[in-house]
Amino acid sequence: MSEPIIAFLGSGSMNGSIMSGLLAGGTDPGTVRATTRSAASASRLVDSLPEEHRGVTVTSSEDDPSANAHAVDGADVVLLGVKPKGILDLAAEIKDALAPDALVLSVAAGIDLEMLEGELREGQPVIRSMPNTPSRVGRGVIALAPGAHCSDEQLRLAHTVLQNSGTVIDVEEKQLDAVTGVSGSGPAYAFFLAEAMQKAGESMGLDAETARLLAKETVAGAGELLHADDADPEALRKAVCSPNGTTERAINVFAEGGLIELTEKAAKASAHRNAEMVEEFRR
């Protein structure tokens, strides 16, 4: 069976991360198409691709006003990755160029299945997703919420296409707000922690370069330990907390400062904003 043709409309953070993960995982570049808005961004995208991935077809709407329609013509999977405010107009733009069984997958926050399906041909299979940026290095989490016309076979196709970008899970659409709060926005939480650790190191006399190296390698290494199949965050944390030791003292400061409650509050704020965006973009 030949590889599916995959079209990425928009090459922003999420679509770019997924495409990079796919290509790094061995997807044939000749089966990948990508569009950008400007000729300059198309040129930057081509220049950013490793030599072995230069077979990707990249076009811009500036050079070809019908670039999006041409990209989806004959495509099996189409990923919509422009900014949320442009998703519905993009769906309407490509509506007639899509094959009836082409799977449309949106990576945009704030656009629900009802809105997306309303802009496409009746019966078009659609999936709403929430990926995150570690997809770029094959360590992402991508949650999928299938629409009313998406078959089990098409959902499996989405898993196959996305599996090289990380862990793919199925959820109900109503759970996507929570997914956004935990994993969609989650990488920024880890980056913020590394940033805070660097500043703590500098405050104790380390030079910035050394503090940054210690912080980022520690967070990255902890992530590797968490990636084991049977890893449990609580068990890993307890394993390095010797009674009355240095790590336990630090963890107690975090706990007494309300880190768990603050993290829950932050995740809920992210989830709430995702729900707000759905109402803002509803036509």
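Predicted model: local features only at pLDDT ≥ 70, side-chain atom pairs only at ≥ 80, totals over all residues.

Colleague: What makes Leu 193, Met 197, Phe 254 and Leu 259 a nonpolar patch on the surface?

Modeller: Membership requires over 30% relative accessible area, and nonpolar side chains are joined within 5 Å. Leu 193, Met 197, Phe 254 and Leu 259 form such a patch, and together they have about 320 Å² of accessible area.

Colleague: Why is Leu 193 called partly exposed?

Modeller: Buried means under 20% relative accessible area and exposed means over 50%. Leu 193 has 40% relative accessibility, so it counts as partly exposed. This leucine, Leu 193, is found in helix H8, residues 186-203.

Colleague: In what order do the eight strands of the open sheet lie?

Modeller: The order is S3-S2-S1-S4-S5-S6-S7-S8, with mixed pairing.

Colleague: Why are strands S3 and S8 said to stand at the edges?

Modeller: Strand S3 (57-60) and strand S8 (166-170) each have a single partner strand, so one side of each has no neighbour in the sheet. From one strand to the next, the twist averages 20°.

Colleague: How do you know that S2 and S3 pair?

Modeller: Two strands pair if there are at least two bridges between them. Strand S2 (residues 32-36) and S3 have four bridges, in the parallel sense. Thr 57 in S3 is the bridge partner of Arg 33.

Colleague: Which helix lies across S2 and S3?

Modeller: Helix H2 (residues 39-48) does, running at about 165° to S3. Helix H4 (residues 84-94) also packs on the sheet, where it touches strand S1 (6-9), strand S4 (77-80) and strand S5 (103-106). The direction of H4 makes about 150° with that of S4.

Notes
Residues numbered from 1 in each chain as written. Heavy atoms only, no water. Patch = residues over 30% accessible without salt bridge, like charges linked within 9 Å, V, L, I, M, F, W, Y side chains within 5 Å. Areas by Shrake-Rupley, 256 points an atom, 1.4 Å probe, with all protein chains shown as cover. Salt bridge = Lys/Arg side-chain N within 4 Å of Asp/Glu carboxyl O. Helix = DSSP H or I, 4+ residues; strand = E, 2+ residues; numbered from the N terminus. Buried < 20%, exposed > 50% of the residue type's maximum accessible area, 1.4 Å probe, protein only. Axes fitted to C-alpha atoms, helices over the stretch in contact; angles between N-to-C directions. Contact = heavy atoms within 4.5 Å.
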